[in-house]
Amino acid sequence: MFFQLFQPGSSLHLKRAATLLQEAQMARLEHQAAAEHHAALAKMYAERVKRLSGEVYPLPAPSGEAAGTKTEQDKPAIYSIESNRRPKSNLLT
C-alpha cells in the first residue's frame with residue numbers, strides 16, 4: 001500500500017501536488033501584496049525625505065528675487081508645534 005504513492009498516476013501523488021500548487025499560489029499572492037505595500041512605503045518615505053530635506057536645507061532664492069527680502073518671521077519654523085511659533089534668535093543676549 002505504501003508503494004502506491006510512487007506509482008505513476010497515483011491519486012495520492014496528484015492530490016499532494018495539487019495541495020502544494022495551491023500553497024505556492026497563495027504564497028505568491030501574499031508576497032505580491034507585501035511587495036506592493038513595501039513599494040508604497042518606499043515612495044512615501046522618499047517624498048518625506050524630500051520634504052524634510054527642503055525644510056532643513058532650504059534652496060537659495062532664485063536670482064530674479066532680491067536676496068534679503070525675507071525676514072526672520074517669513075521663514076518657516078522647522079520644528080514648531082504651532083505655525084505661528086518662531087524660534088527665538090537672541091536667547092543668550
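How many helices and strands does the protein chain have? I looked this up and found one helix and zero strands. I took helices as DSSP runs of H or I with at least four residues, and strands as E runs of at least two, numbered from the N terminus.

A note on the source: this is a predicted model, where local features need pLDDT of at least 70, side-chain atom pairs count only at pLDDT 80 or more, and totals for chains, interfaces and linings use all residues. I number residues from 1 along each chain as its sequence is written, and side-chain values use heavy atoms, without hydrogens and water.

Next I checked burial. Of the 93 residues in the protein chain, 1% are buried (under 20% relative accessible area; exposed is over 50%, partly exposed in between; 1.4 Å probe, protein chains only).

Then I searched the whole structure for salt bridges (a side-chain nitrogen of Lys or Arg within 4 Å of a carboxyl oxygen of Asp or Glu). I found one. Glu55 pairs with Arg51, with the closest N and O atoms 3.8 Å apart. Both sit in helix H1 (residues 11-56), four residues apart, so about one helical turn separates them. Glu55 is partly exposed at 33% relative accessible area. Arg51 is partly exposed too, at 46%.
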